[in-house]
Amino acid sequence: MFKGSMPALVTPFRNGELDLDTLKQLVEWQIAEGSTGLVPVGTTGESPTLSHEEHETVVAEVVKAAAGRVPVIAGAGSNNTVEAIRFVRFAQKVGADAALVVTPYYNKPTQKGLLSHFRALHDCADIPIIIYNIPGRSIIDMNPDTMGALAQLPRIIGVKDATGDLARVSLQRAACGKDFCQLSGEDATALGFNAHGGVGCISVTANVAPKLCAEFQQATLSGDYATALEYQDRLMPLHEAIFIEPGLVGAKYALSKLGRCTEEVRSPLTTLEDSTKAAIDAAMEHAGLI
């Protein structure tokens, strides 16, 4: 059900408020360009600076706008299990197809704590759950054995893996089974990730280049790695440039160049330095986007 290119959607703002009209337009554009799923209110959607009410509004609006044409994986993570339960239940209530739940950040639970957290979320609702493992942000790394134990639960169906360690895909296949849905959380290594057994990418770059990212993913999933490598060569400078500063800021700047949304981000993030803008401009030109 979940495969291919799925943008980790930015959350558009205008004058400090949610810009829901632009959000709906982004959903339409993403679907028209070939994205195979949508992921609102992850970190790229600025979830740390959204209120709970804003978080839920964005999820509900994306589900409504997608209207069943592509699956919606709703960001539902928190380092507070009670808050995460709220978000998971809300995602189910409004009709999201799955919930994306990050490993709890900052409070540094043990592997036992991770098991307890994810089991509670599994048991609180009937919606499928995708684990989001990103030790670079959360500090905690869910090991393959822990993931394998969670994969035994019927509604924990996959992982967004942002470890950058391609060997993890094979280790997680061994621990979780070949049907466990493995999605890359890192654009630059998505080619190798799928070669190891992954089935897609929850992508930041797909915000900006949805058609290219969708075609790239389709090439890997059909086994045409020669074509996929050509796409990789076009996209790699953009993958790198978007992340010179925080990726969502780079994505919003690039979208502003395409006339799709404003550059506006919430503090403590700031708009890009001119040197970063120049790098993104050059990468977009290299990819044929401008």
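**Entry 1. Terms and basis**

I take contact to mean heavy atoms within 4.5 Å. Helices (H or I, at least four residues) and strands (E, at least two) are DSSP runs, numbered from the N terminus. Buried means under 20% relative accessible area, exposed over 50%, and partly exposed in between, with a 1.4 Å probe and protein chains only.

The model is a predicted one, in which local features need pLDDT of at least 70 and side-chain atom pairs count only at pLDDT 80 or more, while totals for chains, interfaces and linings use all residues. Residues are numbered from 1 along each chain as its sequence is written, and side-chain values use heavy atoms, with hydrogens and water left out.

**Entry 2. Helix H1**

I looked up H1 (residues 20-33), a helix of 14 residues. From first to last C-alpha it reaches 20 Å, close to the 20 Å expected; the expected span is 1.5 Å times one less than the number of residues. I listed its buried residues as Thr-22, Leu-23, Leu-26, Val-27, Trp-29, Gln-30 and Ile-31. Just after H1, I noted a positive phi of about 105° at Gly-34.

**Entry 3. The sheet**

I traced an open sheet of seven strands in the order E1-E9-E8-E7-E6-E5-E4, with parallel pairing. Two strands pair if DSSP finds at least two bridges between them. E1 and E4 (73-75) are the edge strands, each pairing on one side only. On average, neighbouring strands of this sheet are turned by 30° against each other, direction ignored.

I then checked individual pairs. E5 and E6 are parallel and share four bridges, with Ala-99 bridged to Ile-129 in E6. Strands E7 (residues 156-161) and E8 (residues 181-184) also run parallel and are joined by four bridges; here Asp-161 has Ser-184 of E8 as its bridge partner.

How is E6 covered? Five of its five residues are buried. Ile-129, Ile-131 and Asn-133 point one way from the strand, and Ile-130 and Tyr-132 the other way.

Helix H4 (residues 111-124) lies across E5 (98-102), E6 (129-133) and E7. I recorded an angle of about 160° between H4 and E5; axes are lines fitted to C-alpha atoms, for helices over the stretch in contact, and angles run from 0 to 180 degrees between N-to-C directions.

**Entry 4. Ser-184**

Not counting residues up to four places away in sequence, I found Ser-184 touching Lys-160, Asp-161, Ala-190, Phe-193, Gly-200, Cys-201 and Ile-202.

**Entry 5. Nonpolar cores**

I define a nonpolar core as a set of buried Ala, Val, Leu, Ile, Met, Phe, Trp, Tyr and Cys residues joined through side-chain atoms within 4.5 Å. The largest has 46 residues, and those with the most contacts inside it are Val-62, Val-88, Val-101, Phe-118 and Ile-131. At least two residues of this core come from each of H1, H2, H3 (81-94), E5, H4, E6, H6 (144-151) and E7. Ile-131, leaving aside neighbours within four places in sequence, is in contact with Leu-100, Val-101, Phe-118, Met-142, Met-147, Leu-150, Ile-156, Gly-158, Val-159 and Lys-160.

The buried residues of H3 are Ala-84, Ile-85, Phe-87, Val-88, Phe-90 and Ala-91. What covers them includes H2, E4, E5 and H4. The end C-alpha atoms of H3 are 20 Å apart, in agreement with the 20 Å that its 14 residues should span.

H6 is mostly covered, with six of its eight residues buried: Pro-144, Thr-146, Met-147, Gly-148, Leu-150 and Ala-151. These pack against H4, E6, E7 and helix H7 (167-176).

**Entry 6. Cysteines**

How many disulfides are there? Taking a disulfide as a pair of cysteine sulfur atoms within 2.5 Å, I count zero. I noted relative accessible areas of 14% for Cys-124 and 13% for Cys-176; Cys-124 is buried, and Cys-176 is buried.
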